[in-house]
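User: I'm new to this structure and would like a close look at one part of it. Could you walk me through the salt bridges?

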Amino acid sequence: MHLHSDHIYIIGSGAIGKALAVFLKLSGRKATLIRGSVNDGDQKIEHIRVQMPDGTMHEADITISTLNEFPTLHGIVVLANKSFGNEALAIALKNKTGSSPIVLMQNGLGVERPFFAQDFPEIYRCVLFVTSQIMDETLVRFKPVATCPVGIERGDVDRLQRLVTQLTTSQFVFKNEADIQHTIWKKAIVNCVFNSVCPLLSVDNGIFYRNEAALDIARRVIAECNGIANAKGILLSSNDIEESLLQISRASDGQLISTLQDIRAGRRTEIDTLNFEIVKMAGELGLVQTVKETKLLGELVKLKAEINLNRNLETIKP
């Protein structure tokens, strides 16, 4: 495999997928966006603009297609779709990708399980340290927070290094990570906080460094989730997790977490792979009573999303 030679198929035409496609295209890579739904409309060319924190605009014409347009996907397959679609997507991709590596750029725990179940040969996980928000259909606001680590779920070190090189651009930077599970858990715990507290308060990500009461709730959720991580053999420091949460909170002050964006748009959220995955693991360990706040916040987010979705459906009824 030659550097930069592979076609990169990005499944998921949301804020992350669109930004990544523009950066890759401007860097001379071959990139195609594929809608997260298995069959969803016709192929089109869309002029996408990505705004950086300093106001700089990057823009490119990107092909947006559907999975049924491709009998095979030979190259790199990046998953930037919502993780609740992974079971159907793993089945749909099974006979299309051959030996192509799968790179999951998704939040949460256990998102790779459907691809293990379908026996994909190469699976890599990326933990995103960027924020990206769709401002309108063709404009994305993108902010890098830190270099995004990529590690092996199933694969080899040489391929990982080539993947990192092919995906990296000056605006969206990736790196090898030997202990990706440690990083996945740390970010997942941080996301349990952001994706429950911010939607319930209807506030931006900066709330935790601005408001001590919100930070206190965050500390309690971090302690609960970290207890489960430790019980699973992932040894993390609650202080380190809090420091990461505050770093992200400051860096993304004013931006909305994806779950709040989804609720407002009447879309399904990823709370099942965050709070509820922690609760599920706690139950398997006989520790469900130790994650009461994590569970309650997750239940409230799910309820809020359902209420908003039903309200939207009532609005669009003829």
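Analyst: Here is a tour of the salt bridges, pair by pair. Keep in mind that this is a predicted model. A search of the whole structure turns up 19 salt bridges.

Let's start with Arg-159 and Glu-122, whose side chains meet at 3.2 Å, N to O. Arg-159 sits in helix H4 (residues 157-167), while Glu-122 is in the loop between helix H3 (113-117) and strand E7 (123-126), so this pair ties together parts that are 37 residues apart in sequence. Are these two buried or exposed? Arg-159 has a relative accessible area of 14%, so it counts as buried. Glu-122 is buried too, because its value is 11%, and the cut-off for buried is under 20%.

Next up is Arg-219 with Glu-242, where the closest N and O atoms are 3.1 Å apart. Here the link runs between two helices: Arg-219 belongs to helix H7 (residues 212-231) and Glu-242 to helix H8 (residues 238-251), so parts 23 residues apart in sequence are tied together. In this pair, Arg-219 is partly exposed at 32% relative accessibility, whereas Glu-242 is buried at 16%.

Then there's Asp-272, which forms a salt bridge with Arg-268, with 3.8 Å between the closest N and O atoms. Asp-272 has 29% relative accessibility, so it counts as partly exposed.

Finally, some bridges share partners: Lys-18, Lys-44, Glu-46 and Glu-137 are joined that way into one network.

Terms used:
Residues are numbered from 1 along each chain as its sequence is written. This is a predicted model: local features need pLDDT of at least 70, side-chain atom pairs count only at pLDDT 80 or more; totals for chains, interfaces and linings use all residues. Side-chain values use heavy atoms; hydrogens and water are left out. A salt bridge is a side-chain nitrogen of Lys or Arg within 4 Å of a carboxyl oxygen of Asp or Glu. Helices (H or I, at least four residues) and strands (E, at least two) are DSSP runs, numbered from the N terminus. Buried means under 20% relative accessible area, exposed over 50%, partly exposed in between (1.4 Å probe, protein chains only).
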